[in-house]
Amino acid sequence: MLKKYWVFMALPVLLLGLANMVKNPAQEWSVRKSDWNIGVALYSFNRFPFPTTLEKAKTAGVKFVEGFDFHKLGSDFGDKTMNELVPSDAKKVRKLLKQNGLKMKSMYVGKAQDKEGWEKAFELAKSLKIEYLVAEPKREHWDMVDKLAGEYKIKIALHQHSREAGSIYWHPDSVLSAIKNHPNFGACGDLGHWTRSGLEAVESLKKLEGHLISIHLKDLDASKQSAKDVMVGEGVIDFEGVVQELQRQRFDGEVYAECEHKMEDNLGDVTHAVKYFGNLTP
């Protein structure tokens with residue numbers, strides 16, 4: 001009788017221990033996801049030559065940077081823009097990135113306006129070992145760009161400038177329309193431009209579930225076209241909701257801080273954005 005009693009008392013303890021071992025997968029993932037792939041969009045430092053932008057990004061404490069093809073790289077590169085680089089220049093870019101402990105997985109493409117321009121962009125991306133291009137291709141170029149992306153094995157992350165700026169991608173529904181039947185297209189969700197267009201950032205992320213490749217991180221003082229950029233966390237964007245939604249989607253792409261104010265001296269704001277977003281993770 002005593003033996004049965006001890007078995008009866010021990011059983012709940014055993015079951016409780018087993019329950020603790022079998023954790024909720026979502027909770028377990030949230031704990032592991034303690035460090036986002038946070039980077040800096042080098043457009044934040046577009047007033048400075050390329051070597052200086054890398055030094056600033058390193059100071060901000062990130063591992064990733066996103067280049068842009070109209071960046072004037074400075075005297076070290078003969079005052080060329082990114083899209084004017086030749087293979088020997090690309091090797092120098094990769095060396096500078098390595099010296100600063102940075103990786104450039106993506107580049108914004110704004111110069112490509114025809115097939116020749118897009119082929120040049122993909123060749124540059126290949127020489128820089130870039131994994132995806134952030135861009136807003138013309139509607140009539142969708143098939144051509146998707147085909148090139150497949151051939152080069154370099155994805156296209158569709159970016160959304162605001163409705164005011166005239167972007168055909170300002171609404172997530174437009175992005176989904178472009179992605180349909182274009183397997184090499186995904187999305188770069190711009191939290192600030194969505195807000196400037198009067199859209200809610202969390203709802204926009206939900207619409208693009210399964211297609212998000214990267215995020216542009218910024219904040220605004222209002223949800224309207226005339227809104228101004230402010231330090232991340234001091235504006236109207238619901239960043240706790242953004243983090244929860246990205247975790248729900250198990251997003252593992254890059255989150256690029258992009259500061260579009262105080263352009264002559266914004267390293268402090270960029271660094272703040274990096275730390276603020278990183279600290280939001282439960």
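Is the crossing of helix 3 and helix 4 right-handed or left-handed? The crossing is right-handed; a crossing counts as right-handed if the near helix is turned clockwise from the far one by less than a right angle, and as left-handed if anticlockwise. The structure is a predicted model, in which local features need pLDDT of at least 70 and side-chain atom pairs count only at pLDDT 80 or more, while totals for chains, interfaces and linings use all residues. Residues are numbered from 1 along each chain as its sequence is written, and side-chain values use heavy atoms, without hydrogens and water.

Helices (DSSP runs of H or I, at least four residues) and strands (runs of E, at least two) are numbered from the N terminus. Helix 3 spans residues 50–59 and helix 4 spans residues 87–99. Their axes come within 10 Å and cross at roughly 25 degrees. Axes are lines fitted to C-alpha atoms, for helices over the stretch in contact, and angles run from 0 to 180 degrees between N-to-C directions. That makes helix 3 roughly parallel to helix 4 (angles under 35 degrees count as roughly parallel). Phe50, Pro51, Leu54 and Lys58 of helix 3 make the contact with Val93, Leu96, Leu97 and Gln99 of helix 4 (contact means heavy atoms within 4.5 Å). By class, this contact of helix 3 with helix 4 has six nonpolar, one polar and one charged residues.

In helix 5, Lys115, Trp118, Glu119, Phe122, Glu123 and Lys126 meet Met144, Val145, Leu148, Ala149 and Tyr152 in helix 6.

Eight strands form a closed barrel in the order 1-2-3-4-5-6-7-10, with parallel pairing (two strands pair if DSSP finds at least two bridges between them). From one strand to the next, the twist averages 30 degrees. Strand 2 (residues 64–68) pairs with strand 3 (residues 103–109) in the parallel sense, over five bridges. Valine 65 stands opposite methionine 104 in strand 3. Helix 7 (residues 172–179) lies across strand 5 (155–159) and strand 6 (185–190), and runs at about 165 degrees to strand 6.

Nine aromatic pairs are found in the whole structure. Rings of Phe, Tyr and Trp (its six-membered ring) pair if their centres lie within 6.5 Å; planes under 30 degrees apart count as stacked, over 60 as edge-to-face and the rest as tilted. Tyrosine 43 and phenylalanine 68 form an edge-to-face pair, 5.5 Å centre to centre with 80 degrees between the planes.

How values were computed: Angles under 35 degrees count as roughly parallel, over 145 as roughly antiparallel, 65 to 115 as roughly perpendicular and the rest as oblique. Ala, Val, Leu, Ile, Met, Phe, Trp, Tyr, Cys and Pro count as nonpolar, Asp, Glu, Lys and Arg as charged, and the others, Gly among them, as polar.
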